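Biologist: I am new to this structure. Could you show me how to read its features?
Modeller: Gladly. Let us look at it together.

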Amino acid sequence: AIAASSDEKALDALRVNYLGKKGVLTAQLKSLGQLPPDERPAAGERINVAKREVQQAIEARKQSLVASKLAEKLAGETIDVTLPGRRQNTGGLHPITITIDRITRIFSTAGYDVAE
(Lines give C-alpha, C1' and ligand atoms only; values in the text may rest on other atoms or scores of the structure.)
Protein backbone atom coordinates (compact mmCIF):
# COMPACT_ATOMS: atom_id res chain seq x y z
CA ALA A 1 0.00 0.00 0.00
CA ILE A 2 2.87 2.36 0.77
CA ALA A 3 4.62 1.75 -2.55
CA ALA A 4 1.34 2.23 -4.41
CA SER A 5 0.60 5.67 -2.91
CA SER A 6 0.75 8.27 -5.65
CA ASP A 7 0.99 11.49 -3.66
CA GLU A 8 1.98 12.82 -0.26
CA LYS A 9 -1.61 13.10 0.99
CA ALA A 10 -2.26 9.39 0.44
CA LEU A 11 1.06 8.60 2.08
CA ASP A 12 0.17 10.74 5.09
CA ALA A 13 -3.19 8.98 5.36
CA LEU A 14 -1.38 5.65 5.46
CA ARG A 15 0.99 6.96 8.12
CA VAL A 16 -1.94 8.05 10.26
CA ASN A 17 -3.70 4.72 9.68
CA TYR A 18 -0.74 2.69 10.87
CA LEU A 19 1.22 4.97 13.20
CA GLY A 20 -1.29 7.56 14.34
CA LYS A 21 -2.91 7.91 17.74
CA LYS A 22 -5.65 5.46 16.78
CA GLY A 23 -3.53 3.54 14.30
CA VAL A 24 -3.23 -0.19 13.88
CA LEU A 25 0.24 -0.52 15.42
CA THR A 26 -0.58 1.85 18.26
CA ALA A 27 -3.64 -0.26 19.10
CA GLN A 28 -1.47 -3.36 19.18
CA LEU A 29 0.99 -1.65 21.52
CA LYS A 30 -1.89 -0.69 23.81
CA SER A 31 -3.14 -4.28 23.83
CA LEU A 32 0.19 -5.59 25.14
CA GLY A 33 -1.13 -5.25 28.70
CA GLN A 34 -3.69 -7.98 28.02
CA LEU A 35 -1.02 -10.53 27.05
CA PRO A 36 0.59 -12.84 29.58
CA PRO A 37 3.74 -11.30 31.11
CA ASP A 38 6.10 -13.83 29.51
CA GLU A 39 4.83 -13.05 25.97
CA ARG A 40 4.93 -9.24 26.28
CA PRO A 41 8.63 -8.62 25.50
CA ALA A 42 8.61 -10.73 22.33
CA ALA A 43 5.32 -9.26 21.11
CA GLY A 44 6.47 -5.73 21.93
CA GLU A 45 9.70 -6.27 20.02
CA ARG A 46 7.81 -7.59 16.96
CA ILE A 47 5.45 -4.62 17.03
CA ASN A 48 8.35 -2.16 17.37
CA VAL A 49 10.20 -3.79 14.46
CA ALA A 50 7.06 -3.55 12.33
CA LYS A 51 6.62 0.08 13.37
CA ARG A 52 10.22 0.93 12.39
CA GLU A 53 9.82 -0.83 9.05
CA VAL A 54 6.60 1.05 8.30
CA GLN A 55 8.24 4.37 9.25
CA GLN A 56 11.25 3.65 7.05
CA ALA A 57 9.07 2.59 4.11
CA ILE A 58 6.93 5.70 4.43
CA GLU A 59 9.99 7.96 4.64
CA ALA A 60 11.62 6.29 1.63
CA ARG A 61 8.43 6.63 -0.43
CA LYS A 62 8.06 10.26 0.63
CA GLN A 63 11.61 11.01 -0.50
CA SER A 64 11.02 9.32 -3.85
CA LEU A 65 7.76 11.28 -4.33
CA VAL A 66 9.54 14.56 -3.54
CA ALA A 67 12.39 13.68 -5.90
CA SER A 68 10.03 12.77 -8.73
CA LYS A 69 8.01 15.96 -8.17
CA LEU A 70 11.22 18.01 -8.32
CA ALA A 71 12.39 16.24 -11.48
CA GLU A 72 8.99 16.85 -13.08
CA LYS A 73 9.14 20.52 -12.16
CA LEU A 74 12.68 20.90 -13.49
CA ALA A 75 11.73 19.19 -16.75
CA GLY A 76 8.91 21.66 -17.25
CA GLU A 77 11.02 24.72 -16.52
CA THR A 78 13.78 24.37 -19.07
CA ILE A 79 15.62 27.50 -20.16
CA ASP A 80 17.05 27.97 -23.63
CA VAL A 81 20.45 29.53 -22.96
CA THR A 82 21.01 30.19 -26.67
CA LEU A 83 18.32 32.87 -26.80
CA PRO A 84 19.52 36.48 -26.67
CA GLY A 85 19.27 38.14 -23.30
CA ARG A 86 17.01 40.98 -22.33
CA ARG A 87 18.24 44.34 -23.48
CA GLN A 88 18.57 47.11 -20.96
CA ASN A 89 17.30 50.57 -21.67
CA THR A 90 20.16 52.93 -22.41
CA GLY A 91 18.81 55.64 -20.13
CA GLY A 92 16.46 58.60 -20.19
CA LEU A 93 16.45 62.34 -20.60
CA HIS A 94 17.26 64.65 -17.73
CA PRO A 95 14.20 66.24 -16.10
CA ILE A 96 15.37 69.76 -17.06
CA THR A 97 15.74 68.68 -20.71
CA ILE A 98 12.21 67.25 -20.64
CA THR A 99 10.88 70.51 -19.18
CA ILE A 100 12.69 72.65 -21.80
CA ASP A 101 11.32 70.46 -24.62
CA ARG A 102 7.80 70.77 -23.19
CA ILE A 103 8.05 74.56 -22.90
CA THR A 104 9.44 74.73 -26.47
CA ARG A 105 6.48 72.70 -27.76
CA ILE A 106 3.98 74.90 -25.93
CA PHE A 107 5.42 78.14 -27.36
CA SER A 108 5.79 76.59 -30.83
CA THR A 109 2.10 75.64 -30.89
CA ALA A 110 1.25 79.18 -29.75
CA GLY A 111 3.05 80.59 -32.83
CA TYR A 112 6.38 81.67 -31.35
CA ASP A 113 9.76 80.75 -32.76
CA VAL A 114 12.31 79.46 -30.31
CA ALA A 115 15.85 80.69 -30.82
CA GLU A 116 18.65 78.96 -29.03
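Biologist: Which residues make the nonpolar surface patch of about 400 Å²?
Modeller: This is a predicted model, so keep that in mind throughout. The patch is made by Ile103, Phe107, Tyr112 and Val114. Ile103 sits in helix α4, which covers residues 95-109.

Biologist: Is isoleucine 103 buried, partly exposed or exposed?
Modeller: The general idea is a scale: buried is under 20% relative accessible area, exposed is over 50%, and partly exposed lies in between. Isoleucine 103 has 41%, so it is partly exposed. Phenylalanine 107 also counts as partly exposed, at 42%. Tyrosine 112 has 53%, so it counts as exposed.

Biologist: How many aromatic pairs does the structure hold?
Modeller: It holds 1 aromatic pair. The rings belong to phenylalanine 107 and tyrosine 112.

Biologist: Why is the pair of phenylalanine 107 and tyrosine 112 called edge-to-face?
Modeller: Two values describe a pair of aromatic rings: the distance of the centres and the angle of the planes. Planes over 60 degrees apart count as edge-to-face. Here the planes of phenylalanine 107 and tyrosine 112 stand at 80°, so the pair is edge-to-face. Their ring centres are 5.7 Å apart.

Biologist: Where is aspartate 113, and how far is its C-alpha from that of lysine 51?
Modeller: Aspartate 113 lies in the segment after α4. With a relative accessible area of 78%, aspartate 113 is exposed. Its C-alpha is 93 Å from the C-alpha of lysine 51.

Biologist: Now a helix. What is the reach of α3 from its first C-alpha to its last?
Modeller: Helix α3 spans residues 40-76 and has 37 residues. It reaches 54 Å, close to the 54 Å expected at 1.5 Å a residue.

Biologist: Which residues of α3 are buried?
Modeller: First the general idea. An α-helix has 3.6 residues a turn, so residues three or four places apart point the same way. In α3, the buried residues are Ala43, Gly44, Ile47, Val54, Ile58 and Leu65. Their cover includes α1 (8-19) and α2 (24-30).

Biologist: And serine 5: is it buried or exposed?
Modeller: Serine 5 has a relative accessible area of 4%, so it is buried. Its place is in the segment before α1.

Biologist: What is serine 5 in contact with, leaving aside neighbours within four places in sequence?
Modeller: Its contacts are Ala10, Leu11, Leu14, Arg61 and Leu65. Leu65 is also among the buried residues of α3.

Terms used:
Residues are numbered from 1 along each chain as its sequence is written. This is a predicted model: local features need pLDDT of at least 70, side-chain atom pairs count only at pLDDT 80 or more; totals for chains, interfaces and linings use all residues. Side-chain values use heavy atoms; hydrogens and water are left out. Helices (H or I, at least four residues) and strands (E, at least two) are DSSP runs, numbered from the N terminus. The expected span of a helix is 1.5 Å times one less than its number of residues. Buried means under 20% relative accessible area, exposed over 50%, partly exposed in between (1.4 Å probe, protein chains only). Contact means heavy atoms within 4.5 Å. Rings of Phe, Tyr and Trp (its six-membered ring) pair if their centres lie within 6.5 Å; planes under 30 degrees apart count as stacked, over 60 as edge-to-face and the rest as tilted. Patches are made of residues with over 30% relative accessible area and no salt bridge: like charges are joined within 9 Å, nonpolar side chains (Val, Leu, Ile, Met, Phe, Trp, Tyr) within 5 Å. Accessible areas come from the Shrake-Rupley method with a 1.4 Å probe; for residues, only the protein chains shown count as cover. A salt bridge is a side-chain nitrogen of Lys or Arg within 4 Å of a carboxyl oxygen of Asp or Glu.
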